[in-house]
Amino acid sequence: MLLDFLLCFAAWTALALAMDRHHEDAWPGVESEAPAAALLRQRLFKSGWALLGLSLGIALCFPATSSVALSATAWTAALCLSALAATALATWQAPRLPVLGLAALGLALLVFCFSRLGH
Amino acid sequence: MTGSRTTHQPEQEGFRQAMSWLHTWSGLILGWLLFAIFVTGTLSFFKSEFNLWMRPELHGLPASDSDVAQRAQVALHEHAPGVSNFIMRLPDERTPAVNVLWRDKPNSRFETLLLHPQTGAALQARETAGGEFFYRFHFELRTAHKGRWTIQGRWIVGVATLMMFIALLTGVVTHRRIFKDFFTFRPRKGGQRAWLDAHNVSGVLVLPFYLMITFSGLMIFHAMYMPAGIAAAYPGARGTDTQSYFSELQGDVPGARSARRGGNAQAEPLPMLDLAPMLSQASLLWQGGRVGSITVRSDSQGPLVEITRHDGDRLQYGPARLRFDGRSGQLQTQVDPQGPAIKTYGVLYGLHLGRFADTGMRWVLFGFGVLGSLMIASGLILWSVKRRAQALRKTPAAPLPFGERLVASFNIGLMGGLPLAIAAYLLANRLLPLEMPGRPDAELSCFFGIWILALLLGLIRPSRQGWALVLGLAALAYLLLPLVNALTTSTHLGISLPALDWSWAGMDLSFAATGLMLAALTRHLLRHKPLPVARHAGPAKSERKPNAARTPGDSTAQEA
């Protein structure tokens, strides 16, 4: 559940930052249509979807619960929960969005490595 | 709703506007009922905890003993001599007492008995509907402890659920910018914009949960709502043979001996059975899986024992069962419903009930339910706010028309009044005299009485002050709950917190937190006046980036 949440949160953050409105909120002064920003947004968009796919893949292939069914359920719950968290941050703490997204990704890596070590 | 003002694609307008109409009116007509169903259903995730909190006499029971089933059986025979059937639910970490149900005649109501988890002695707890009320209200609108009209109630809830499903699907079509505004919530803009954002965000972020809970809610009563298929496939001597259908759905062969139902003939009294060997065999076969309940009945071939696995052991509802001959203790059948259709049904059923959930997941489900309630509430308020803004744009200081006044009143009375009524129900549980005859129904009278009073308040004051009054009263009631609990019982925070007894402390803390949140909301309502209409009633801010829809990051928006 924690790993699902962290990966989905990182993914949602990337997808939010790929949108013009949240991109400009997170980096005030950046013109989201400028070529560099547009390219970054395109990459953020792709990595966001890739991360969502990756987290689902991990949930299905390395279930942390007693069954794959429960793991998929937990993933769906984490998907919604992390979307709520990303929205809350985009609303009230937009400039912190990029840092928190990256931190979640780093933490997810750590959590995944440690949970794999146990096996 | 936003669709009504965008005119650049006339050929698409038709469909979206048709859906917008359907979304608005299906939402409005059954919105208040849906809100009540959603709120009480959400509370039902903590049904066991409410059941316990509302019976403070059960506080401090020890963990259960391995021989408890046998002792409880002895106690039951003493309490109800000549009993011919019973269902015994064994204690788990959420319900500390043994719960035994039995009935004298095949179609009569179940008698219930609570037993001590170690000694098996009968426990005396106050008479209350407990958390079962929220549970029963949310799917059959039960209004009394031993209510009638339950089938009619299920039909009404079914219609409302179907409307909810329609509103969800049409909502995705109607709120055109739902994916473009995926993360967008602008509370500071105030008025219609903020309410629309709140409605969209609370709607889309948890959409998988809403779709699951609504669809599975319809599916659970599929035999009632859509009987034709079953009637065609299971013809019986007298109409439809629903019993064969349901026994197949539960993984049985039609006509098999069943501990759950039998003929109408008066059955022989049960002898004392040796349950321990059967329980240890079950534990062995399920590799340590928990036993949920033991069902025993005597039929023409003697006593039959059915051991059902704990339904928290897996996602699919309809747990595995073992059937034993009562006298010899010999295992007769292992029943575990499989097959693709049965599994699909069981998984959807299990997702709806959330029995699989541990504490963390249970809170997540609860939170999603709260958010769903807020989504319905914001939709209903949006209806009022939008109409009001339109009216005021045409003629400033226009009076509130009758229909809008009624909707505003219902919003305050039925939605704002519901948390207040729930608090009143819980307060009544602590304050009504213990020996009062018909106590469960008296508690329910408090619930419905306060709800009606709130509706009257709403009808008198369909305004911001009305909201503040009802929510302020609710805040007060929730803040009083831990105090009243401390004065009337020994299950209060002063005892449960030092003991780290979270199943009791969690309730009181949650009530206090709810009270504080409602108080903050009331304060906000009293302090902040709404922004002038002209500033925030403008159309959705799509002019921010004229060509935004063509950038790659927003390609999802075009699908919406």
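In the predicted model, buried residues account for 43% of the 119 residues of chain A. The secondary structure of this chain comprises five helices and zero strands, so that, in the terms used here for DSSP runs, the order of elements from the N terminus reads α-α-α-α-α. Along its principal axes, the C-alpha trace of chain A extends over about 50 × 25 × 20 Å. The radius of gyration of chain A is 15 Å, which agrees with the value near 14 Å that a compact globule of 119 residues would have. Of the contacts in chain A between residues at least 6 apart in sequence, 71% connect residues at least 24 apart.

Chain A also makes contact with chain B. In this interface, 26 residues of chain A are in contact with 24 residues of chain B. Helices α2 (20-26), α3 (35-61) and α4 (68-92) of chain A each contribute at least two residues to the side of chain A that touches chain B. The largest share of that side, 14 residues, is provided by α4(A). Classified by residue type, the side of chain A that touches chain B consists of 16 nonpolar, seven polar and three charged residues.

Chain B contains an open sheet of seven strands, arranged in the order β3-β2-β1-β6-β7-β8-β9 with antiparallel pairing. Its edges are formed by β3 (111-115) and β9 (331-335) of chain B, each of which pairs on one side only. On average, and with direction ignored, neighbouring strands of this sheet are turned by 15° against each other. Within the sheet, strand β1 (residues 85-89) and strand β6 (residues 291-299) of chain B are joined in the antiparallel sense by five bridges. Met88(B) has Ile294(B) as its bridge partner in β6(B). Helix α11 (residues 276-285) of chain B packs on the sheet, where this helix touches β6, β7 (302-309), β8 (321-325) and β9 of chain B. The direction of α11(B) makes about 35° with that of β7(B).

The largest nonpolar core comprises 159 residues, of which Leu420(B), Ala423(B), Ala424(B), Val470(B) and Ala474(B) touch the most other members. Helix α14 (residues 402-431) of chain B supplies the largest share of this core, with 16 residues. The surroundings of one of these core residues can be described individually. With residues up to four places away in sequence not counted, Val470(B) touches Ile412(B), Gly416(B), Gly417(B) and Leu420(B), together with Ala454(B), Leu457(B) and Gly458(B).

Terms used. Residues numbered from 1 in each chain as written. Chains lettered and ligands numbered in written order. Predicted model: local features only at pLDDT ≥ 70, side-chain atom pairs only at ≥ 80, totals over all residues. Helix = DSSP H or I, 4+ residues; strand = E, 2+ residues; numbered from the N terminus. Rg over C-alpha atoms; globule rule 2.2 N^0.38 Å. Buried ≥ 20, exposed ≤ 12 C-beta atoms within 10 Å, placed from the backbone. Contact = placed C-beta atoms within 7 Å. Core = buried A, V, L, I, M, F, W, Y, C linked by C-beta atoms within 7 Å. Pairing = 2+ DSSP bridges. Axes fitted to C-alpha atoms, helices over the stretch in contact; angles between N-to-C directions. Nonpolar A, V, L, I, M, F, W, Y, C, P; charged D, E, K, R; others polar.
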